[in-house]
Amino acid sequence: MNLKCDMENNHKTTGKVAGIIANLVIVETNGPVSQNEICFIQHQGVPLMAEVIKILGRNAYVQVFESTRGLKCGTEVIFEGHMLEVTLGPGILSKNYDGLQNDLDKMDGVFLRRGEYTDPLDRDKRWNFTPIAKPGDQVSAGDWLGEVSENGMPHKIMVPFKMTGNYTVKSVTPAGQHKVDDTIATITDENGHAHKITMVQKWPVKMAIRQYKEKPRPFKLLETGVRCIDTLNPITEGGTGFIPGPFGTGKTVLQHAISKQAEADIVIIAACGERANEVVEVFTEFPELEDPRTGKKLIERTTIIANTSNMPVAAREASVYTAMTLGEYYRNMGLRVLLMADSTSRWAQALREMSNRLEELPGPDAFPMDLSAIVSNFYSRAGYVILNNGVSGSITFIGTVSPAGGNLKEPVTESTRKAARCFYGLSQARADSKRYPAIDAIDSYSKYLEYPEVQSYLDHHVGDTWLTNVIKSKDILLRGKEAREQINILGDDGVPLEFHERFWKSELIDFVILQQDAFDKIDASTPMERQKYMLEKVLEVADASFDFDNFEEVGSYFKQIINQFKQINYAEFNSEKFNAYMTELNTMIQSHLN
Amino acid sequence: METQAFQKIYTKINNITKATVSLKAANVGYDELALVHGRLGQVVKIMGDDVILQVFSGTEGIPTNAEVVFLSRPPQLKVSEQLAGRFFNAFGDPIDGGPEVEGETRDIGSPSVNPVRRMQPSHLIATGIAGIDLNNTLVTGQKIPFFADPDQPYNQVMASVALRAQADKIILGGMGLSNDDYLYFKNVFDNAGALNRIVSFVNTTDNPPVERLLVPDMALTAAEYFAVDKNEKVLVLLTDMTLYADALSIVSNRMDQIPSKDSMPGSLYSDLARIYEKAVQFPSGGSITIVAVTTLSGGDITHAIPDNTGYITEGQLFLRRDSDIGKVIVDPFRSLSRLKQLVIGKQTRKDHPQVMNAAIRLYADAANARTKLENGFDLTDYDERTLEFAKAYSEQILAIDLNIDTKMMLDVSWQLFRTHFNKAEVGIKQEFVDMYWDEQRVIDLNMNE
């Protein structure tokens, strides 16, 4: 990034188009260029944005973020002297961006026009600024100078991340209404030079923002309200997870549910190479949905990066990095960010297309050899951090993976498995039998359950028997699965009665805890307190020893119990109805006890 | 065709492969068309002054000293109301003996719709086929393929869907269509008196395969004209997308690209998405709905073509021959319309979602009973009844030769529930059972409406 700093002020490197293969363009340059530098191809008066991805001698290979139709050899190219950057400042929330952070709502017309780039921020809007730093304070990159309220969220104005070294605050603008480009502070460096700070700064998306004190292991539970995540395979604040699943298994519904319900301050959704109508669903629904904690509309704390499957492929690759960088920006304000990317497979495919045009030797399934490294590098940017002032912030990242042919051994799934700590595998069989969410509770895992700091957090915040109960219910599920296999092989009459009981006890957990109706107002999201209560109740049944005469009796008894539990799931917690169902349930349980 | 005075004519071709030629030429634009020995070709690669052209109709018989003229434009289509009722080839030239179309010239393969300008699809498309309308309801702006084996009557089903769909325009994009099927479509549309609402772009098996690559873009350019300029509801039929993908793999192979899964190009997902994502509901009321056909080989949906398609489209429809009734049915288990939630129970009767789910669940119970029977276990009375239900359900709901409205479909389903099950076994919300279980009451209700 600093390579050409001296040059920037003098003159820009230029070049001429020397070759075109789809969106890979070869540019003959007349000066220094750097890897990942941004350039604009001046195609018939329309600037086409592109990124350098390989340099061979004087030839720079650039991937163009637009269609190259009609482009000719000899066309002038101007290099910008910086990498692909995002603009950071107040006004990012509730925006709809494309993969390069162009504000989609500012574009004219129904169709996207080639070479149309729009400002990600609103320059004329006035923000209510309050100072945080005082003259004389020692500050460095990422430190808070002031604050504006962005849709009710405290948006910190920081010392720009690019500024290295230590500075002294000379002056901070007093509280008042300001535009993003107004100077809100002046700070002096060690040589006494004064620097004016506005509310806007830029940062290259491919670099992680590391202006924090430390990055400890995550330990706090992030509630999602989805029972088979929170109860069985919890994710932490600052954790990483991935959801692989064949098409039609409910990846997107699950992702939407998590983004609506999770205990996060900021939600960033990267719709990366997926269906446009699904993004439209978010555009249509989120402005209507109320955030239960703030009473505001969900869209006010959400930013959407939409680079749908028909939008240019190279920008698809950029879109996940854009989303991550915006997340890191908000994390540095001490906020909890939830970042969802649907789907990282499309991003990997974008990498494959480019690697193919560059004629690199391919890895498995023609993906680039370094796919695994790229994926881990990206996942590692998420996490829980302690900022310089001791405040904590986090990015929880959940990506979906669309495995080719539903095969979980394909390269993208395998690479992601190495990087992500939680695995939520969606099962075709569960989806086929309409058991939603179709997360396979037996195959899925959360590495966080093994972290001592997470275990002690759960002991203190959920209950000291919680972890034991979670592990117990996993065992019941597994034993139930084994029992069912035996029943299928030997027939209903061919196995001892307890096999049926074992099987039905696992069905009980499946129907009551795992399955959840994402379209029901109450059942869609279950708070931790209620999850704990329900799990204990279910385990009470599972622990009980019952008196049955034959296998048909087992099935019909448990069907009744399950039905009763389902009614409870649909009722408001601790409401009159809820308690009435509970009393009925207790009678049912008592009636059959051994 | 369209050479003009003072155009530079090149006469030295350096390399010729089965699908491409390369030559030295200057000032050539990417994607530009050229005439090579009188055949259309398109620029696919430029390296300095080396230009590689993909020749759509193949390079058989092209000599190294053939004339090459660049046309300075990408593939285009002239659009106007005159398109209606006409048949064209992959290049947009009439093949029905009629005159050239006059109108505005548009580049095909135009940019995408800005996602924030799309509307959520919300209008139901009625087809009269209960396997679709009841279980897998279609919505304007949706894209959905038939996943079918080559021996299944997908083109017939598609033709009936098209004719019943009450679309303002139907655009047929035929790729690798057999001449018989082409004539079939022509006859069906003609007999239905619908020719004036239909525009066809057809590449038959007689034509070179690479020409097919132009068909979807031609069809969709015409579709966008009617949907955007005329605010019409347009239905686009694309058959068969597997043959389109095969043509993509031929070209990528000739270009020495490294193949990914199943010998398909690595860009298959993006290539297919670019086409399917043209399905859209515009804010002005116009819409483009795409119904496509993806033929499978031996029902294998893990092959790269159906697999990538499944991730792009909003559901898929499976056809299956039901040997119990000797008819083709829409498979209720494997078929899915992702957008049905937007209309069922809202634009159709309120009991629609519950009836649909209950019937499919009972049909699944029948499948389990059948497995039990095959494995030699005894059937219970309930099992016997599900089997009887399944047969009647196949016959009266799932068979593709039906043409009834959704209200009728729901009434028939209730009738089947009554005949074979008790109320508790059907497990539908009480308010609907109260309303529709009693036969006489249903008849009264319908009379009053």
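Biologist: What share of the contacts in chain B between residues at least 6 apart in sequence joins residues at least 24 apart?

Modeller: 71% of them do. A contact here means that two C-beta atoms, placed from the backbone, lie within 7 Å. A word on ground rules: this is a predicted model, where local features need pLDDT of at least 70, side-chain atom pairs count only at pLDDT 80 or more, and totals for chains, interfaces and linings use all residues. Residues are numbered from 1 along each chain as its sequence is written, while chains are lettered from A and ligands numbered from 1 in the order in which they are written.

Biologist: How many helices and strands does chain B have, and what makes a stretch count as one?

Modeller: There are 13 helices and 21 strands in chain B. The C-alpha trace of chain B spans about 85 × 50 × 40 Å along its principal axes.

Biologist: Why is helix H2 of chain B called mostly covered?

Modeller: Eight of the 11 residues in H2(B), 154-164, are buried. The test is a count of other C-beta atoms (placed from the backbone) within 10 Å of a residue's own: 20 or more is buried, 12 or fewer is exposed, and in between is partly exposed. The ones that pass include Tyr154(B), Val157(B), Val161(B) and Leu163(B). For scale, 50% of the 449 residues of chain B count as buried.

Biologist: What covers the buried residues of H2(B)?

Modeller: Among the elements doing it are strands E13 (143-148), E14 (169-177) and E16 (233-239) of chain B, along with helix H3 (179-191) of chain B. After H2(B) comes Gln166(B), with a positive phi near 55°.

Biologist: Into which domains is chain B divided, and where do the bounds come from?

Modeller: Chain B has domain 1 (9-70), domain 2 (76-338) and domain 3 (352-448). The bounds come from an automatic or database assignment. The C-alpha centres of domains 1 and 2 of chain B are 30 Å apart.

Biologist: How do you know that domain 1 of chain B touches domain 2 of chain B?

Modeller: By the contact test, 10 residues of domain 1 of chain B meet eight residues of domain 2 of chain B. The domain 1 side divides into four nonpolar, five polar and one charged. Nonpolar covers Ala, Val, Leu, Ile, Met, Phe, Trp, Tyr, Cys and Pro; charged covers Asp, Glu, Lys and Arg; the others, Gly among them, are polar.

Biologist: What does UniProt list at residues 37-71 of chain B?

Modeller: An unreviewed entry gives "domain: ATPase F1/V1/A1 complex alpha/beta subunit N-terminal" there. Such positions use the numbering used here, feature names are shortened, and annotations may be inferred rather than shown by experiment. In the model, residues 37-71 of chain B are 0% helix and 51% strand. UniProt also places "domain: ATP synthase A/B type C-terminal" (unreviewed entry) at 346-436 of chain B, a span that is 74% helix and 0% strand.

Biologist: How many residues does each chain bring to the contact between chains A and B?

Modeller: Chain A brings 49 and chain B brings 46. On the chain A side, strand E1 (14-21), helix H4 (276-285) and helix H6 (344-357) each supply at least two residues. H4(A) gives the most, with seven. That side of chain A divides into 21 nonpolar, 16 polar and 12 charged.

Biologist: What makes E1(A) and strand E5 of chain B a pair?

Modeller: Two strands pair if DSSP finds at least two bridges between them. E1(A) and E5(B), residues 39-47, have two bridges and run antiparallel, so they qualify. Ile20(A) stands opposite Ile46(B).

Biologist: Why do E12 and E14 of chain A count as edge strands in their sheet?

Modeller: The open sheet has four strands in the order E12-E11-E9-E14 (chain A), with antiparallel pairing. E12 (153-158) and E14 (176-179) of chain A each have a single partner strand, so one side of each lacks a neighbour in the sheet. E11(A), residues 144-150, and E12(A) share six bridges, and there Trp144(A) stands opposite Met158(A).

Biologist: Which strands does E13 of chain A pair with?

Modeller: E13(A), residues 166-172, pairs antiparallel with E10(A), 138-140, over three bridges. Four bridges join E13(A) to E15(A), 185-188, also antiparallel. Val139(A) stands opposite Tyr167(A), and Val172(A) stands opposite Ala185(A).
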